[in-house]
Amino acid sequence: MLILTLPRKATLQSWAIKYVGNASVSLYEHLASHPKDEDNYARYTSIVQSSGMGKSRAVDELSKTHLVVPLTLRQESKGKFLRITIGPSSDLKTRVSGRG
Amino acid sequence: MVQALILKPGFPAADENVRDWFLQSRTKLEAFTRAGAFLCALFVAVLDCLQHIDDQIAGIELPPYEDQPDLIAAKFRLLMTVGQTFSQQGQRRREFYDGVLRIANNVRFLDIIVIEAIHQTTLYQLWSPPQPSTPPRKPMPASPGLSFNTVRSADGWDVRYDLKEELGKLMIYLIEGFNVLHDYPPAIILSFDEAHTLTEASTDDVDGLWSTFSELRRALRVIHSFPCFSVFLSTTGKVQQFTPDALHDISTRLQEGLLSLIPPFCELGFDQLAEKAINGKATLEYVSSLSFMAKLGRPL
């Protein structure tokens, strides 16, 4: 059994490159589409998706144009490992870095 | 083929002190008090930070790929993200939340007064009005309030921290001529990442089922008249943890349809980084290559 660490550098780089898509704009529009006179319990929404879908990145992108207070409440002890089956090591490198 | 365990470090790193502070509650009342105290402290700290934001970010060396921020929002983001790594948040952000928790710890041990929403349904049912020609508008629950250290003095009630007032001060700073009776687009957004850590349910002998999230949500209800929105992000949770259907919600007002929840956001999409496979040009070999397929699906 191998224990691998996903390249942190790739993740950090992915946050540094230009944002692709308009999810952050859509998120803001989603919030803004619920005026205060609606009978909402509270003004909140949720984004529940798999890791790597870009939830945190979308919010970070939103924070460049609108005031966002970020709080990360991750428990490091839960879901720490992912079991996978991989082919040759070169395949893994390609999949993780996204480069051919 | 090889079996492997991949270590999944999270990014951005956790605000450990905030998470641990929220998760210490042993009763429903304590969870609600902590949530209210945290929000009070957060709004006080954010206002103070924004009033001195240029001093706060002076001397920060920008990453080479980032422009000098002009907007106050971008300046605050810089403060919150500078120096963050996989293992921990940057020093500026840690200092900011240390300050928030210092205030919150002072606030939460003060006397608390909660002006709860008045449940009108029972009264309405007892009264049994005659059948109108058109259905009456459903009765709206009164707006709740949350104050700390409320003391009766000769001049009336002296309130040291009031959640609505603290947020109101911040709104006045952010929006010129702010009036709580008017409607505004979202002016501040609280983002709770990996928020499923707050949803573990507990049962209180007195109050029944509750969670840190349910009590935070009750505190957010207090400020629902303000353009302050929250977003709860979760990876391993379920949509129902944050937006349950009405019948399964802890809140009676939601169960009875007096109030509703804003639907979850699900428009993140797939294939944002995918290359276009143009008909007639892309070969089967090309679209089945690793370099092409690696850009499909999730963006990160």
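Tutor: Let us start with pairing: two strands are said to pair if at least two bridges are found between them. Please bear in mind that this is a predicted model.

Student: What makes strand 3 of chain A and strand 5 of chain B a pair?

Tutor: Five bridges join strand 3 of chain A to strand 5 (residues 188-193) of chain B. The definition asks for at least two bridges, so the two strands count as paired, and they run parallel. Within this pair, Pro70(A) stands opposite Ser191(B), and Thr72(A) stands opposite Asp193(B).

Student: How do you know that strand 2 of chain A pairs with strand 8 of chain B?

Tutor: The same test applies. Strand 2 of chain A and strand 8 of chain B are linked by five bridges in the parallel sense, and at least two are required.

Student: Why are strand 2 and strand 3 of chain A described as standing at the edges?

Tutor: The open sheet has four strands in the order 2(A)-8(B)-5(B)-3(A), with parallel pairing. Strand 2 (44-48) and strand 3 (68-72) of chain A each have a single partner strand, so one side of each is left without a neighbour in the sheet. From one strand to the next, the twist averages 15 degrees.

Student: Why is Val68(A) called buried?

Tutor: The cut-off is 20 or more other C-beta atoms within 10 Å. Val68(A) has 24 C-beta neighbours inside 10 Å, and therefore counts as buried. This residue is found in strand 3 of chain A.

Student: Which residues is Val68(A) in contact with, leaving aside its neighbours within four places in sequence?

Tutor: In chain A they are Val59(A), Leu62(A) and Ser63(A), and in chain B they are Arg77(B), Ile189(B) and Ser191(B).

Student: What makes strand 3 of chain A mostly covered?

Tutor: Five of its five residues are buried. Val68(A), Pro70(A) and Thr72(A) point one way from the strand, while Val69(A) and Leu71(A) point the other way. In a regular strand the side chains alternate between the two faces of the sheet.

Student: Which way do the residues of strand 2 of chain A point?

Tutor: Tyr44(A), Ser46(A) and Val48(A) point one way, and Thr45(A) and Ile47(A) the other way. Strand 2 of chain A is likewise mostly covered, with five of its five residues buried.

Student: How do you know that the buried residues of helix 2 of chain A are on the same side?

Tutor: The buried residues of helix 2 (residues 23-32) of chain A are Ala23(A), Ser24(A), Leu27(A), Tyr28(A), His30(A) and Leu31(A). They cover an arc of only 155 degrees around the axis, which puts them on the same side of the helix. Among the elements covering them are strand 2 and helix 3 of chain A, together with strand 5 and strand 8 of chain B.

Student: Where does helix 3 of chain A lie?

Tutor: Helix 3 (residues 55-62) of chain A lies across strand 2 and strand 3 of chain A together with strand 5 and strand 8 (228-234) of chain B.

Note on methods. Residues numbered from 1 in each chain as written. Chains lettered and ligands numbered in written order. Predicted model: local features only at pLDDT ≥ 70, side-chain atom pairs only at ≥ 80, totals over all residues. Axes fitted to C-alpha atoms, helices over the stretch in contact; angles between N-to-C directions. Contact = placed C-beta atoms within 7 Å. Buried ≥ 20, exposed ≤ 12 C-beta atoms within 10 Å, placed from the backbone. Arc of directions from axis to C-beta.
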